[in-house]
Amino acid sequence: MVASGVNQLSHPCISGEFVSSYVKRKSRFMKWLSELFRSRPSRGEAAAGSNRNPQLIGDENMLSRALPRSLDDRSRAQKEKEELDHAIALSLAEDLKKPSRYRWQAEKDEELARSLQEGPIPPFYRPYASAPPPYYPYGQQRICGGCKHEIQFGNYLGCMGVFFHPQCFCCRSCGHPIVENEFSLSGRDPYHKSCFKELSHPKCEVCHQFIPTNRAGLIEYRCHPFWSQKYCPAHEHDNTARCCSCERLESWDARYVSLGDGRSLCYECMESAIMDTGDCQPLYHAIRDYYEGMYMKLDQEIPMLLVERQALNEAIVGERSGLHHMPETRGLCLSEEQTVTSILRRPRIGGYQFIGMRTQPQKLKRSCEVTAILVLYGLPRLLTGAILAHELMHGWLRLNGYRNLNPEVEEGICQVLSYMWLESEVMPRFQSMPSSSTFSPAASSSSFTFSSKKGGKSEVEHKLGEFFKHQISHDSSPAYGGGFRAANAAVNTYGLRRTLDHIHHTGNFPV
């Protein structure tokens, strides 16, 4: 907002237009008066005239010359009086054309003219003996926009066509008078520049400072698409910690907990984090029940292990097939025999990091198409469940003969199952039941029963679930993002069962 200046004026006694008009009339009047006096002969001139024109001796001659001179003086005085009356009439005619507030001085001029006609100018005559009445523009009184009372005398302020007493021109935010020469306007509301900056200038949610302007003088910042967290662009390169679950940057007044493998976890995500394999078993079996309720039972007992980041990356290298979501892979459906180090006992928090973790190497043997399911430890319950639902769908496809699917189809349908499970957890129970076009009545019953066992979730966990759904639906990768959107459109149109049958026969989604 461009700052506007304050117009500080003094209450005028006489308007500028009036003073200018009066000076002009007075100038004309005095010019006429000077000509009038110059036209009268002085005593010296009269005497000189008598010397130049000597009178004839004799009473008769003196009488004959004196009579015309007396008549001439009378006619000259009468002419001067008529000229004076004519000048006054012209002045009055001009005044009648103007508003009444300009006429009070004309009366003074008329009095002055009459006094000049009757006698000499008084030595201490003052044409402005009394103060003029208050002058209001446009014929209206000034009303203060703050207290709504009349502004009579003294200083006042004008802003946006509204007048204020100086003490009534206050900041909309703090309520104190604005005494600076510069201020800010938002609509018609005035603000101190500092108050307006507090209200409008974005602050970084990491360092809590005003976000600086760039070289072009513009305010440039980064904003998370879901959480709307605003922060300075510099924090993307200054090693500020980012939560590995919700992706929010660490604030300077709230430290994150280090997981020891390059990842950090915020306290909100840590509330429901699953830290070892034993803690994850109930969730794993609950998701298997979810599949069974949709007539998608997994006949094989597939081992499930919670692992560290390094162990997961090593397992990915040993896996000869499969597409992995980069840059961060959080789960893996193994089909090869490997030795994997799993977390046997959950760590405890020591300061701002986890300590005391106990791990155990485990030899995985292949007894079917799926060797094991690996999930990254330290993630919130809903995110861990979404990863398990995705990897279990990979296992179900392999166990049921879905071979050689292209990545968009396989990863897309797995993301659909992950999204559907999150919906059943996040949405209210009466909304989480699948539609009849997608699932059987038994599936609806199973989903309803599973949701009712969990009990209520906190608002934080509910918000996290919405974020994980947002991540799936807005993924930009061709396989995970594009595949999900194509698979979800097919499932919404034809239902999950018909979509899976079409994939089994053609290897593609129904159109």
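Colleague: Is S264 buried or exposed?

Modeller: Buried means under 20% relative accessible area, exposed over 50%, and partly exposed in between, with a 1.4 Å probe and protein chains only. S264 has 15% relative accessibility, so S264 counts as buried. This is a predicted model, in which local features need pLDDT of at least 70 and side-chain atom pairs count only at pLDDT 80 or more, while totals for chains, interfaces and linings use all residues. Residues are numbered from 1 along each chain as its sequence is written, and side-chain values use heavy atoms, with hydrogens and water left out.

Colleague: Which residues does S264 touch, leaving out those up to four places away in sequence?

Modeller: Contact means heavy atoms within 4.5 Å. On that basis S264 touches A241, R242, C243, C244, Y256, V257 and S258. S264 itself lies in strand β10 (residues 264-265). Helices (H or I, at least four residues) and strands (E, at least two) are DSSP runs, numbered from the N terminus.

Colleague: C244 is on that list. What is the nearest cysteine sulfur to C244, and how far away is it?

Modeller: A disulfide is a pair of cysteine sulfur atoms within 2.5 Å. The count by this rule is 0 disulfides. For C244 the nearest cysteine sulfur is that of C243, 5.2 Å away. C244 has 16% relative accessibility and so counts as buried.

Colleague: How is a pair of aromatic rings described?

Modeller: By the distance of the centres and the angle of the planes. Rings of Phe, Tyr and Trp (its six-membered ring) pair if their centres lie within 6.5 Å; planes under 30 degrees apart count as stacked, over 60 as edge-to-face and the rest as tilted. The whole structure holds 10 aromatic pairs. One of them joins W396 and Y402, tilted, at 5.6 Å centre to centre with 40° between the planes. Both W396 and Y402 are buried.

Colleague: Why is the pair of Y419 and F484 called tilted?

Modeller: Because the planes of Y419 and F484 stand at 45°, with the ring centres 5.3 Å apart. This pair links distant parts of the chain, 65 residues apart: Y419 is in helix α10 (residues 407-426) and F484 in helix α13 (residues 478-494). Y419 and F484 are both buried. Elsewhere, ring pairs join F226, W227, F467 and F468 into a cluster.

Colleague: Which residues have the most contacts inside the largest nonpolar core?

Modeller: In soluble globular proteins, nonpolar side chains tend to be buried together. A nonpolar core is a set of buried Ala, Val, Leu, Ile, Met, Phe, Trp, Tyr and Cys residues joined through side-chain atoms within 4.5 Å. The largest has 84 residues, and Y291, L374, L388, M393, I413 and L496 have the most contacts inside it. Beyond its neighbours within four places in sequence, Y291 is in contact with residues including M296, L298, A389 and L417. A second, separate core has 15 residues, among them C159, I178, L185 and Y191.

Colleague: Which residues lie on each side of strand β12?

Modeller: In β12 (residues 304-307), M304 and L306 are on one side, L305 and V307 on the other, and all are buried. Two strands pair if DSSP finds at least two bridges between them. Here 4 bridges join β12 to the parallel strand β18 (residues 372-376), and M304 stands opposite I373.
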